[in-house]
Amino acid sequence: MVIFADTIRPSLPLLNLLAISGSLRAASTNSALVAALARNAPPGCRVTIYDGLGRLPIFNPDEEGERTPQEASALIDAVTHADGVIVSCPEYAHGVPGGLKNGLDWLVSRDAAVDKPAMLVHASPRSLFARAALAEIMRTMSFALYDGGSLEIALLGKKPLEVESILAEPANVLAMRNALSAFADFIRTR
Ligand SMILES: Cc1cc2nc3c(=O)[nH]c(=O)nc-3n(C[C@H](O)[C@H](O)[C@H](O)COP(=O)(O)O)c2cc1C
């Protein structure tokens, strides 16, 4: 009997990845991208979507500690328990949208972000200011930002049906799986 190496390799523990879209638009292309990542996660990865940015109160350092609002605690817990965080974010006026920055601000004075692997993915070929600003913010917060090849699928200005069709193209499904696998390797080898 021949036993192939693959059949005796122990399976790796499941990685729980938390995906956040920086857009609150119902027809958001960034939200469509994170939803597609969740659908196309490779074996060994589970992608859960955080959709609470729009319910977070405006960050106020006076409301931290025992006064931390329940919605902010939910975000802090979700990041704490994730093995890695994925962010897809539009650019508004050359900056990071306030809703996402507000969510990140709730994480600053905590351990949740410290050394937490994170990957940025992109639904627009533009937004270069926001990409750079977000990377700077997240590095400053001590996220361990994955800077291997980044995933970019051009969905800017597309209507929802077209967005879904682009995300279902085999080349894009493969690109999403490869990006998640590379991020998983980054997490596992740290
Ligand atoms: C208020 C506002 C400001 C914007 N500013 C920029 C910008 O400075 N640079 C850019 O590339 N796109 C800008 N855009 C375009 C958005 O980044 C783009 O439409 C993005 O794909 C929207 O993401 P979503 O589909 O996930 O909502 C802006 C859009 C809005 C609504």
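**Group meeting: strands, a helix pair and a few residues**

Let me start in strand E3, where Val87 is the bridge partner of Ile20. Before going on, a word on the model: it is predicted, so local features need pLDDT of at least 70 and side-chain atom pairs count only at pLDDT 80 or more, while totals for chains, interfaces and linings use all residues. Residues are numbered from 1 along each chain as its sequence is written, and side-chain values use heavy atoms, with hydrogens and water left out.

When I say helix or strand, I mean DSSP runs, H or I of at least four residues for helices and E of at least two for strands, numbered from the N terminus. Strands pair if DSSP finds at least two bridges between them.

Now, back to the strands. E1 covers residues 15–21, and 5 bridges join E1 to E3 in the parallel sense. E1 also pairs with E2, residues 45–50, again parallel, over 6 bridges. One of those pairings puts Leu17 across from Val47 in E2. On to E4, residues 117–122: this strand runs parallel to E3, joined by 4 bridges, and Val121 in E4 stands opposite Ser88.

How many residues of E3 are buried? Buried here means under 20% relative accessible area, exposed means over 50%, and partly exposed is in between, with a 1.4 Å probe and protein chains only. For E3 the count is 5 of the 5 residues, so this strand is largely enclosed by the rest of the structure. In a regular strand, side chains alternate between the two faces of the sheet. In E3 both faces are covered, with Gly84, Ile86 and Ser88 buried on one side and Val85 and Val87 buried on the other. E1 is largely enclosed too, because 6 of its 7 residues are buried.

Ala93 sits between E3, residues 84–88, and helix H4, residues 98–105. Ala93 is exposed, at a relative accessible area of 82%. What is phi of Ala93 near? The value is near 50 degrees, which is positive in a residue other than glycine. Most residues other than glycine have a negative phi. His94, in the loop between E3 and H4 as well, also has a positive phi, near 65 degrees.

Next, a pair of helices. Two packed helices are described by the angle between their axes and the distance between the axes. The axes are lines fitted to C-alpha atoms, for helices over the stretch in contact, and the angle runs from 0 to 180 degrees between N-to-C directions. For H2, residues 29–39, and H6, residues 160–168, the angle is about 35 degrees and the axes are 11 Å apart. Which residues meet there? Contact means heavy atoms within 4.5 Å. From H2 we have Thr29, Ala32, Leu33, Ala36 and Arg39, and they meet Val163, Glu164 and Leu167 in H6. By class, this contact has 5 nonpolar, 1 polar and 2 charged residues. For the classes, Ala, Val, Leu, Ile, Met, Phe, Trp, Tyr, Cys and Pro count as nonpolar, Asp, Glu, Lys and Arg as charged, and the others, Gly among them, as polar. The buried residues of H2 include Ala32, Leu33 and Ala36.

Glu169 is partly exposed, with a relative accessible area of 37%.

Glu64 is in the loop between E2 and helix H3, residues 70–81. Leaving aside neighbours within four places in sequence, Glu64 is in contact with Phe59, Trp106, Ser109 and Arg110. With Ser109 there is a polar contact between side chains, at 3.4 Å. A polar contact is a pair of N or O atoms within 3.5 Å; within protein, one must be able to donate a hydrogen and the other to accept it, and residues adjacent in sequence count only if both atoms are side-chain atoms.

Arg131 belongs to helix H5, residues 128–140. Its contacts, leaving aside neighbours within four places in sequence, include Leu120, His122 and Glu152. The side chains of Arg131 and Glu152 make a polar contact at 2.9 Å.
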